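Open the model in your viewer and keep the sequence panel beside it. The stops below go from the annotated span to the sheet, then to the charged pairs.

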Amino acid sequence: MRVLIVSDTHGRHGNFDRALEEAGQIDVFIHLGDVEGGEDYMDAVIDCEKHMVRGNNDFFSDLPREEEFYLGKYKVFITHGHAYYVSLDPEYIFEEGQARKADIVMYGHTHRPFFEQKDGITVLNPGSLSFPRQEGRKGSYMIMEIEADGTATYDQRYLG
Ligand SMILES: [Mn+2]
């Protein structure tokens, strides 16, 4: 199972289109918020299972604030993250993931890629495709693969 994880496109789809092309065949699409009206576009161009949540800039969106679902054997919790002070410290969202008994927590909002595995939980942020803030400022996204034996691998990618 191949999963494309993106965040913070903010209504711009140039880098989004590039990431989608680079990603190739995907089985699941995840957007972690600040879609800013891009929902219809993404619905039109992506034909697979989708999970999208609202960001702090998605004022008029019908998207859910957060979602829990399974990818293979993994319980996944997704949220934009602003309600969990992710700009200060990923500790709060890590604790929320623990409380929900999630295996994987995914968030956005900071526009900076993040990846950590501790105490059995994977916490990740693919960064922003449209407005990256990390060193080098390349639009970023993540590809997650779940192998036939159930193992998950994560590939943080940067657009050239
Ligand atoms: Mn944002």
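UniProt positions are given here in the numbering used for this model, feature names are shortened, and annotations may be inferred rather than shown by experiment. This is a predicted model: local features need pLDDT of at least 70, side-chain atom pairs count only at pLDDT 80 or more, and totals for chains, interfaces and linings use all residues. Residues are numbered from 1 along each chain as its sequence is written, and side-chain values use heavy atoms, with hydrogens and water left out.

**Stop 1: the annotated span**

Select residues 1-148. An unreviewed UniProt entry annotates them as "domain: Calcineurin-like phosphoesterase". The end C-alpha atoms of this span lie 8 Å apart. Its content is 18% helix and 30% strand. Helices (H or I, at least four residues) and strands (E, at least two) are DSSP runs, numbered from the N terminus.

**Stop 2: the sheet**

Now show the open sheet of five strands, in the order 3-2-1-9-10. Its pairing is mixed. Two strands pair if DSSP finds at least two bridges between them. From one strand to the next, the twist averages 15°.

Zoom in on strand 9 (residues 140-146). Strand 9 pairs with strand 10 in the antiparallel sense, over seven bridges. Here Tyr141 stands opposite Arg157 of strand 10.

Helix 1 lies across strands 1, 2, 9 and 10, where contact means heavy atoms within 4.5 Å. Helix 1 runs at about 25° to strand 9. Axes are lines fitted to C-alpha atoms, for helices over the stretch in contact, and angles run from 0 to 180 degrees between N-to-C directions.

**Stop 3: charged pairs**

How many salt bridges does a search of the whole structure find? There are nine. Each is a side-chain nitrogen of Lys or Arg within 4 Å of a carboxyl oxygen of Asp or Glu.

Return to Arg157. Its side chain meets that of Asp155 in a salt bridge (3.0 Å, N to O).

Next, select Glu91 and Lys118, a salt bridge at 3.3 Å, N to O. Glu91 lies in helix 3 (residues 91-99) and Lys118 in strand 7 (residues 114-118), so the pair ties together parts 27 residues apart in sequence.

Then pick Asp43 and Lys50, with their closest N and O atoms 3.6 Å apart.

Finish with the salt-bridge network that links Glu66, Glu68, Lys75, Glu96 and Arg100.
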